[in-house]
Amino acid sequence: FVFSPRAMFAVAYWNVYGVSRLCDCLALVKYLDRAEGALPAPAGSSANAVVAYRAIGARGVLAVDAIMLIFLVGVTSAWVIASSQLIGETPLSLGSPVRDALLVFALVLPVLTARDLSGLSKISAGGLIAVLLSFAIILLSGLNTYGLEGLRRLSWDDALPNSVADLCCYYGIAVFAFGIVPVAYNLRASMARPNLFPRAASVGVFACSFLYVLVGEACWVAYAPAPGGIRGDVIDMLPNDAVGTTVRLALAAMLVVSIPLMLVPAEELVYRKLRPQSEALPAKIALRVGLLGACLGLAMTIPNFALVLGLVGCACTGVISFVLPALYHLRLLQRVVRAEDRKAGLDLAGKGEEEEVRRRRMYQLHVDYVMLVLGVASTIFSTYQTVAAAVAERRVSESS
C-alpha cells in the first residue's frame with residue numbers, strides 16, 4: 001500500500017516522458033530533412049517507421065520490428081493462458097490445462113481464416129464492460145464477505161514487494177498496463193488538433209494510473225482477511241457460482257476475440273519481410289496459424305499469466321516505451337545541434353543559436369542520456385529476474 005501508488009505514478013510519468021519525446025521527434029525529423037537533405041524513409045512508412053529510420057537507420061528499424069514481433073507473440077501467449085485458465089474454472093473446461101488451451105486454439109483458428117477482421121475490434125472493445133463488471137463483482141463479493149476488516153490489517157509488512165523477483169514482475173506488468181507509447185503516433189494522427197496530444201496523453205495516463213491504484217488497493221483491502229489473501233490473479237477471487245461463471249466466460253470470450261487482433265499485426269511484420277510484393281491470403285493464413293501454434297507452445301511451457309505478461313513488459317514494452325523514445329530523441333537532437341553549429345560555422349561548444357534555446361536543448365540531451373541509461377538498466381535487470389523466476393517455476397512444475 002506504500003510502494004504501489006508511488007511506483008505506478010512513476011511509471012505513468014515515464015510514459016508521459018516517452019510520448020513527449022516521440023512527438024518532439026517529428027519536428028526534429030522535419031528539420032533534418034530540410035537541413036541534411038537525406039533520403040526519406042521508404043514510401044508508405046508509418047510515422048514511427050520514419051522516425052526510427054532517421055534516428056537509427058534501416059538496421060535499427062529491423063531491430064525494432066523484431067522487438068514488436070516478440071511483443072505481439074508474448075501478449076498473444078498471455079491471452080491464450082488467461083482465456084484457457086478462465087475456461088478451466090467453468091463447466092466448459094475439458095478437464096486439463098492443455099486441453100483447455102487447445103480449445104482456445106480451436107476457437108481462434110476459424111477467425112484467422114477471415115479476410116477482414118475489422119469487426120473484431122468493436123467486439124473486443126465491448127469486452128471492457130466484462131472487465132469492469134468482473135472487478136465490480138470481485139470487489140463487492142469481498143466486501144460482502146469480509147467487510148472492511150482489511151483496513152485494520154494494514155501493516156508495514158505489506159508496504160513493499162516481498163522479493164526482487166516480485167518487484168520486477170510488478171514493473172513488467174505496470175509497464176505493459178499503459179501501452180500508450182507504442183501507439184502514440186496513431187492516437188496523435190486521429191486527433192483533430194494533434195498538437196494537443198501530449199497534454200491529453202498526460203491527463204489520460206495519470207487518470208489511468210489513479211484508477212489502477214484505486215482498484216488495486218480496494219481489492220487488497222477487500223480480500224486481506226481471506227485465508228491466504230489474494231494468491232495469483234485477482235480474477236481467481238471470483239465466486240464459483242452462476243454469476244462468477246458468466247463473468248469468466250465473458251472475459252474468456254473477450255480474450256479469444258482479442259487474440260487475432262494481436263496475431264494479424266505480427267503476421268504482417270513477418271510477411272512484409274518474406275514476400276513484400278505479395279498479398280496471397282492462403283500464405284498469410286498459414287503464417288497466422290503458425291504464429292498461433294508458437295503462442296500455444298509458449299503458453300504450455302510457462303502457464304502463468306502474470307509471469308508471461310511481466311516478461312513481455314520487461315523485455316519488450318520497457319524497450320518500446322522507455323528506451324526507444326529516449327534513443328530516438330537523443331540521436332535526432334544531437335544531429336540537429338550539429339547541423340545548426342555547422343550552419344553557424346561553430347563547433348559543438350559554440351553559440352550558433354540563441355543561448356536560451358541552446359541551454360534547453362543541452363538539458364534535453366542530458367535528460368535523454370539519463371533516461372536511456374535508466375531504461376536499459378531497468379530492462380536488463382527486470383528481464384533477467386523475470387526469466388529466472390520463469391525458469392524456477394518451470395523446474396518446480398516439472399518436479400511435481
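## Ground rules

The expected span of a helix is 1.5 Å times one less than its number of residues. Helices here are DSSP runs of H or I with at least four residues, strands are runs of E with at least two, and both are numbered from the N terminus. The model is a predicted one, so local features need pLDDT of at least 70 and side-chain atom pairs count only at pLDDT 80 or more, while totals for chains, interfaces and linings use all residues. Residues are numbered from 1 along each chain as its sequence is written, and side-chain values use heavy atoms, with hydrogens and water left out.

## The chain as a whole

What you're looking at has 11 helices and zero strands. Read from the N terminus, the elements go α-α-α-α-α-α-α-α-α-α-α. There are 400 residues in the chain, and 43% of them count as buried. Buried means under 20% relative accessible area, exposed means over 50%, and partly exposed is in between (1.4 Å probe, protein chains only).

Accessible areas come from the Shrake-Rupley method with a 1.4 Å probe, and for residues only the protein chains shown count as cover. Now for contacts, meaning heavy atoms within 4.5 Å. Of the contacts in the chain with a separation of 6 or more, 82% are between residues 24 or more positions apart.

Helix α3 takes in residues 97-112, 16 residues in total. From first C-alpha to last it reaches 23 Å, close to the 22 Å expected at 1.5 Å a residue. Its buried residues are D100, A101, V104, V108 and L112. They sit on the same side of α3 because they cover an arc of only 120° around the axis, the arc being that of the directions from the helix axis to the C-beta atoms. As background, an α-helix has 3.6 residues a turn, so residues three or four places apart point the same way.

What lies over that buried side? The cover includes α2 (47-88), α8 (242-274) and α9 (281-301).

## Salt bridges

A salt bridge here is a side-chain nitrogen of Lys or Arg within 4 Å of a carboxyl oxygen of Asp or Glu. Searching the whole structure turns up four of them. One of these joins the side chains of D368 and R21, at 2.7 Å from N to O. This pair links distant parts of the chain, with D368 in helix α11 (residues 355-399) and R21 in helix α1, 347 residues apart. D368 is buried at a relative accessible area of 0%, and R21 also counts as buried, at 8%.

R54 and D33 also meet through their side chains, 2.9 Å from N to O. Here R54 belongs to helix α2 and D33 to helix α1, 21 residues apart. R54 is buried at 5% relative accessible area, while D33 is partly exposed at 33%. Then there's E89 with R248, whose closest N and O atoms are 2.7 Å apart. E89 lies in the loop between α2 and α3 and R248 in helix α8, so this pair ties together parts 159 residues apart in sequence. E89 is partly exposed at 34%, but R248 is buried at 1%.

## A nonpolar patch on the surface

Have a look at F9, Y13, F206, F210, L211 and L214, which make up a nonpolar patch with about 590 Å² of accessible area together. Patches are made of residues with over 30% relative accessible area and no salt bridge; like charges are joined within 9 Å, and nonpolar side chains (Val, Leu, Ile, Met, Phe, Trp, Tyr) within 5 Å. Both α1 (3-36) and α7 (197-223) supply at least two residues each, and the largest share, four residues, comes from α7. Y13 is in helix α1 and is exposed, with a relative accessible area of 52%.

C23 is in helix α1 and is buried, at 11% relative accessible area. Leaving out residues up to four places away in sequence, C23 touches Y185, R188, F197 and P198. C23 and P198 are 175 residues apart along the chain, with their C-alpha atoms separated by 7.4 Å.

V264, in helix α8, counts as buried at 15% relative accessibility. V264 and I285 are 21 residues apart in sequence and 9.3 Å apart in space, C-alpha to C-alpha.
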